[in-house]
Amino acid sequence: MEKQLIEYCSPTLASLKTASLFRLSFSAKNELDAQIERWNRQLSEKGISVILLKQWDKNALVYVCRKSHLELDLKKEGVSEFLHRYGYEQSDVEYTLERLKSRLKESEEFPHEIGVFLGYPLGDVIGFIENAGKNSKCTGCWKVYCNECEAQKMFARFKKCKDIYERLWNQGRTIWQLTVAA
């Protein structure tokens, strides 16, 4: 899991991005729970939460976020109204995360509003949904439908961050050392 935290979550660990998401294979549920609990104990004082969003067979969908950033994202113009369309009755962080878990569990389709929870621009999340993932201006960490120039700069920052974090981790730095405090 540590390698995947570096590979998929570096911008979140560096406080450049609200959250990250990755799929993790596991052999035993109790080991997965223990691993998530350990990471939460270690990283919570730096403002990071590691949340099991969904599990199936021997796979888990793991969400790594800065709840303080998510709280700000949920207060952005239009976000509350947008999420309300998908049954989110409140914009409280804990409530919305529980609702997202429910949506993942109950829906056969992937709930694409998850982009809001990953810190993607609302216009791009809406554009992805309305265009069924087609007709984007460019693709990087997400599909871009609005501000291509700004997104390209962000993608470059995320890639540079990931490259630096991978190099430092391979040189012996720990996740704890690499995680920026909130």
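The model is predicted. Cys9 takes part in no disulfide. The nearest cysteine sulfur belongs to Cys65 and lies 10 Å away, whereas a disulfide needs the two sulfur atoms within 2.5 Å.

Cys149 is likewise in no disulfide. Here the nearest cysteine sulfur is that of Cys138, at 9.8 Å. The disulfide count is zero.

## Nonpolar cores

The largest nonpolar core holds 30 residues. Leu53, Tyr63, Leu83, Val116 and Phe117 have the most contacts inside it. Strands β2 (49–56) and β3 each supply at least two residues of this core. So do helices α3, α4, α5, α6, α7 (122–130) and α8 (148–170). The largest share, four residues, comes from α5.

## Contacts of Phe117

Which residues does Phe117 touch, not counting those up to four places away in sequence? They are Thr18, Ala19, Tyr63, Leu70, Leu83, Tyr88, Thr96, Leu97 and Leu100.

## Helix α3

Helix α3 spans residues 67–74. Its buried residues are Leu70, Asp73 and Leu74. Seen down the axis of α3, they fall within an arc of 95 degrees, so they line one face of the helix. An α-helix has 3.6 residues a turn, so residues three or four places apart point the same way.

The buried residues of α3 pack against strand β3 (59–65). They also pack against helices α4 (79–84), α5 (93–106) and α6 (114–117).

How values were computed. Residues numbered from 1 in each chain as written. Predicted model: local features only at pLDDT ≥ 70, side-chain atom pairs only at ≥ 80, totals over all residues. Heavy atoms only, no water. Buried < 20%, exposed > 50% of the residue type's maximum accessible area, 1.4 Å probe, protein only. Arc of directions from axis to C-beta. Contact = heavy atoms within 4.5 Å. Core = buried A, V, L, I, M, F, W, Y, C linked by side-chain atoms within 4.5 Å.
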